[in-house]
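Hello,

Here is the structure I promised to pass on to you. Please open it first, and then read my notes below.

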Amino acid sequence: MAHNYQSKYQNPVINWIDTRLPIFWLVDTAVGAGHPTPKNLNYWWNFGSLAGLCLVIQLISGFVLAMHYTPHADMAFASVEHIMRDVNYGWRIRYIHANGASFFFVVVFIHIFRGLYYGSYKAPRELLWMLGVTILLLMMATAFMGYVLPWGQMSFWGATVITNLFSAVPFVGDSIVTLLWGGFSVDNPTLARFFSLHYLLPFVITGTVILHVWALNMPGSNNPSGIDVKGPQDTIPFHPYYTIKDVFGIAVFLAVFCAFVFFMPNALGHPDNYIPADPLATPSHIVPEWYFLPFYAILRAVPDKLLGVVAMFASIGVLFVLPWLDTSPVRSATFRPLYKKFFWIFIVVCFGLGWCGQADTDMPLIPFGEDEQAIAENIAARLPADSRAELLANVPGDLKVLETYATRAGMSEAAFERLVEKEKVTFDVLHLNRLLTAYYFFHFLVLIPLLGWFEKTRPLPESLSSPVLSPSAMPAE
Amino acid sequence: MKKALLSGFAALTLLGAAPAAMAEEEYLTSEEATEKYHKYPEHFSFPQSGIMGTFDRAQLQRGFQVYREVCSACHSLERVAFRTLTQIGYSEEEVKALAAEYEVQDGPDDDGEMYYRPAKPSDYIPSPYENEQQSRASNGGAYPPDLSLITKARPHGPDYVASLVGLGYTDEAPEDVQVSDGQYYNPYFHTVLLAMAQPLYEEQVEYADGTPATIEQMAQDVTTFLTWAAEPSMEARKRTGIGVMIFLAILIVVSYVSYKKVWEDVKK
């Protein structure tokens, strides 16, 4: 912005203001007629503006909720019920805010997967991408602290589990946890600081979003073909073309969102959070909100606490370095036949991790029969010395034979069945969880760097204006 | 509050206290009993179910009667104020009279003394016990949960409540489930043993509208009432939702047509 900028707007008032503070120019070049945009963007490009809408919905509904909410351990739960029952339209505001958080993540996840598919993270958009990953991290922190505020059972125990993770940090872990708690357990000071931070972080997110849009405006949007814009014939002004398309996207999004808000507002929440927090009663099953499940699964996949935490943060950290892990010069998966396949496998893996995150880790998935050795040893312990030696010297693979030994050892039929049940060998959720976690990192750390070397990409079109090679010409090898 | 979880806890603890040797051979462990006998709630179709469903006012009042005459002996409903009962079809006069049947503590008066007075519509429904300790002392250590949010605080809440009190107590405890003193078998409870005795019996209440007071009828009536108590704004929510969806349907059509119109001149 040169200091001798002279606004070009016709309207004298706008011209006067814009010359002194070029705010009209700024909006115009960011999301207006002055912003040339590739003309071939598909519907997946709607999710950027939808994410912006979600942020605004959360900010507005959130600041109204804060007028009625009481951040105190003894009153928080009751104040939320006060909002639901006594505040005019309070139920609507709260359901919008609670479901809004979920939908913010839906939109942002789709936005991220779109970036992965079309290579939007590659040069010259690395910083744009990294700012986006930063927004995701900030959103996760904000959402986590927001979920604590109603001070229900899941709020309390979720906060306990997650804050405890930081105790794994060497040397300063316990100090960090004490600092987070504001004491020696999750209690009123924890709630108070989480409320404060939950109000603060959205401003940080908003600031980062402004940087994100700024970084977008320098190279301009990527597009489904992944090739650079060659000239004005490839672009159309953002307004009115993409503004009207975004209005349509927003209408469709709001229809889905409102279906949840008005007809199944608690479907994405956990019933236990309608039970006030009780430090003396642990819920049988502590699960985070659905949008944390894949990361929670990665955390649980690693037996060591510190390494689990490291893996969980690395699962997002790896996104920061993705622009340099990907060695392929081609952006869009449209022209990368192998990457396209692995992209969809990766999507399935992410959903699989999400499923693992909410399942019992020891739930059996594939049975492999029983561990006869263990059963035999258990029975042998009750047998006299000579039969014990006989059994252990030659463990029968047949359950019926083992049962005769069990009868000899004085075990009842029911006790034997229980023993067999206990020694069942299965591929359980934890195994699947570990497999998928390994694949998640394999995808980023091995597949993506290697694909750039080995993949035969399809020929790229000349320009956006002549994007279609005849289909028969496509598989040129 | 802690209530349900702790009563579940209490049940577990009591079970755990049984002599280990006996439990091993003759009775199932708590986990095994749960796995073998636990039932998921039956599905009921309440008038308020579905996106258009609204409450049946007569059923709400019958349910309130069941709460008052049966449940309220042990369970509080502390988030429901008398004034809100106008929503279930009582007139303001009726609510005033109804509230006046209860006594609530107020004060301090000008002499610094606390005193009891008849409740007013602005008061909340008084709880059966002064505090959690008193409640536990009267219930063998178990804590009957507050019912204000019960249908939202359990998975498939309305179906669960109606199944638990309407269907669950008719089954005899199986022989391999050990039922200690102060425990009752109910396959719909998450550990199949809970500290609440069968609450409903045939003809336990006499409905003013002549509806036969079967156990299942009373269970569904009180479930409907508790569904209202958990979310009094449910009808307003659905009503608003219908309007919102109609508006958005129009917006989708208008914005799509505009989008296509604006893009007409863009060459592919």
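Predicted model: local features only at pLDDT ≥ 70, side-chain atom pairs only at ≥ 80, totals over all residues.

Residues are numbered from 1 along each chain as its sequence is written, chains are lettered from A and ligands numbered from 1 in the order in which they are written, and side-chain values use heavy atoms, leaving out hydrogens and water.

Back to α5(A). This helix covers residues 90–117, 28 residues in total (helices, H or I with at least four residues, and strands, E with at least two, are DSSP runs numbered from the N terminus). Its span from first C-alpha to last is 40 Å, close to the 40 Å expected at 1.5 Å a residue (1.5 Å times one less than the number of residues). Of the 28 residues in α5(A), 20 are buried, so the helix is largely enclosed by the rest of the structure (buried means under 20% relative accessible area, exposed over 50%, partly exposed in between, with a 1.4 Å probe and protein chains only). After α5(A) comes Gly119(A), with a positive phi near 65 degrees.

Chain A also has a nonpolar surface patch of about 890 Å², with Trp16(A), Phe24(A) and Trp25(A) among its members. Patch residues have over 30% relative accessible area and no salt bridge; like charges are joined within 9 Å, nonpolar side chains (Val, Leu, Ile, Met, Phe, Trp, Tyr) within 5 Å. A salt bridge is a side-chain nitrogen of Lys or Arg within 4 Å of a carboxyl oxygen of Asp or Glu. Areas come from the Shrake-Rupley method. α2(A) gives the most, six residues. Trp25(A) sits in α2 and is partly exposed, at 31%.

Now for some backbone details. Most residues other than glycine have a negative phi, and most peptide bonds are trans. The bond from Ala123(A) to Pro124(A), however, is cis, with omega near 5 degrees, and so is the one joining Gly107(B) and Pro108(B), with omega about 0 degrees. His156(B) has a positive phi near 50 degrees and is exposed, at 60% relative accessible area. Glu203(B) has a positive phi of about 60 degrees and is exposed too, at 56%.

Enjoy exploring!

Terms used: Areas by Shrake-Rupley, 256 points an atom, 1.4 Å probe, with all protein chains shown as cover.
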